[in-house]
Amino acid sequence: MTDVTTPSAAPDGPVPTRERLLRAAAGLFRNKGYSGTGLAELLAAAEAPKGSLYHHFPNGKSDLALAAADWASEQMLVLIDASFTPAPTFQEGAKTVCYKLAKLFDKQGKWSGCPVSATLFEGPENEAFHQHAAKLFEGWITETAAHAQRLGLAEAEARAAAENFYILLQGGWQLARVRRDSDVIRGLHLQMHRPLPAHVQPQKND
């Protein structure tokens with residue numbers, strides 16, 4: 001998931017086959033889901049021979065799906081960090097995440113879903129996919145909660161704010177796909193409760 005607000009430099013040489021497979025899989029799974037993407041379509045998009053798939057991913061499409069979800073998740077973590085690091089408040093950081101994702105949604109054609117859920121929830125019904133998705137989502141939440149604490153929220157409030165943000169984001173992604181409207185994602189931050197910083201947390205009664 002590239003931060004499309006920053007132009008990408010052209011590669012110096014040919015893209016390695018493994019990376020071409022990952023990028024093709026991440027894009028196709030995000031747009032069409034795991035089950036809706038055929039192996040021939042995937043290989044054609046990656047411009048890769050069938051043997052190369054099994055060379056890099058011995059279990060074929062399922063191994064590629066796990067690796068593609070990892071690749072997309074890393075791009076999301078970069079976007080999260082780039083959004084929250086310069087932000088003066090958690091609310092402003094969340095707003096920037098929403099704007100960046102909305103711009104990405106526009107660029108991808110207004111039908112792209114969350115790269116993790118589209119790949120691993122719509123894939124085969126297996127525990128490995130579900131556990132991997134949980135791990136990746138936890139990484140997003142943990143990274144966002146760490147930024148929230150740095151921006152002045154108490155630990156429990158930071159965790160709650162991060163979880164609430166991604167609950168909104170998952171629902172917003174689905175509604176944006178249905179409506180073909182990136183403004184759904186762009187305005188998600190307005191639906192958030194404004195968290196209180198640590199020094200003004202309400203006191204518990206004894």
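1. **Basis.** This is a predicted model, in which local features need pLDDT of at least 70, side-chain atom pairs count only at pLDDT 80 or more, and totals for chains, interfaces and linings use all residues. Residues are numbered from 1 along each chain as its sequence is written, and side-chain values use heavy atoms, with hydrogens and water left out.

2. **Confidence.** pLDDT is the predictor's confidence in each residue, from 0 to 100. Its mean over the chain is 86. A value of 70 or more is reached by 84% of the residues.

3. **Fold.** The chain has nine helices and zero strands. Both are DSSP runs numbered from the N terminus: helices are H or I with at least four residues, strands E with at least two. Of contacts with a separation of 6 or more, 69% are between residues 24 or more positions apart.

4. **Surface.** Of the 206 residues, 44% count as buried. Buried means under 20% relative accessible area, exposed over 50%, and partly exposed in between (1.4 Å probe, protein chains only). The accessible surface of the chain is about 10,700 Å² (Shrake-Rupley method, 1.4 Å probe). Carbon and sulfur atoms hold 54% of that surface.

5. **Lys-61.** Please look at this residue. Lys-61 sits in helix 4 (residues 61–84). It is buried yet has no salt bridge. A salt bridge here is a side-chain nitrogen of Lys or Arg within 4 Å of a carboxyl oxygen of Asp or Glu. The nearest side chain of opposite charge is Glu-41, 8.0 Å away. (Lys and Arg count as positive, Asp and Glu as negative; His and the chain ends are not counted.) A polar atom of the Lys-61 side chain does lie 2.9 Å from the backbone oxygen of Tyr-34. Beyond four places in sequence, Lys-61 touches Phe-29, Tyr-34, Ser-35, Thr-37 and Leu-39.

6. **Thr-37.** This residue is in the loop between helix 1 (17–32) and helix 2 (39–46). Thr-37 is buried, at 1% relative accessible area. Its side chain reaches the backbone oxygen of Gly-33 at 2.9 Å. Residues touching Thr-37 include Leu-28, Leu-42 and Lys-61.

7. **Trp-71.** Helix 4 also holds Trp-71. Trp-71 is partly exposed, with a relative accessible area of 22%. Val-116 is 45 residues away in sequence and 9.7 Å away in space, C-alpha to C-alpha.

8. **Salt bridges across the chain.** The whole structure has six salt bridges. One of them joins Arg-186 and Asp-106 (3.3 Å, N to O). That pair links distant parts of the chain: Arg-186 is in helix 9 (residues 183–186) and Asp-106 in helix 5 (residues 90–108), 80 residues apart. Asp-106 is partly exposed, at 32%. Asp-106, Asp-183 and Arg-186 are linked in a network of salt bridges.

9. **Arg-159.** Arg-159 pairs with Glu-138 at 2.6 Å, N to O. Arg-159 lies in helix 8 (residues 155–179) and Glu-138 in helix 7 (residues 127–150), so the bridge ties together parts 21 residues apart in sequence. Arg-159 also forms a salt bridge with Glu-163, at 2.9 Å between the closest N and O atoms. Glu-163 and Arg-159 are separated by about one helical turn, because they are four residues apart in helix 8. Relative accessibility is 29% for Arg-159, which counts as partly exposed. Glu-138 is partly exposed at 33%, and Glu-163 at 32%.

Terms used. A polar contact is a pair of N or O atoms within 3.5 Å; within protein, one must be able to donate a hydrogen and the other to accept it, and residues adjacent in sequence count only if both atoms are side-chain atoms. Contact means heavy atoms within 4.5 Å.
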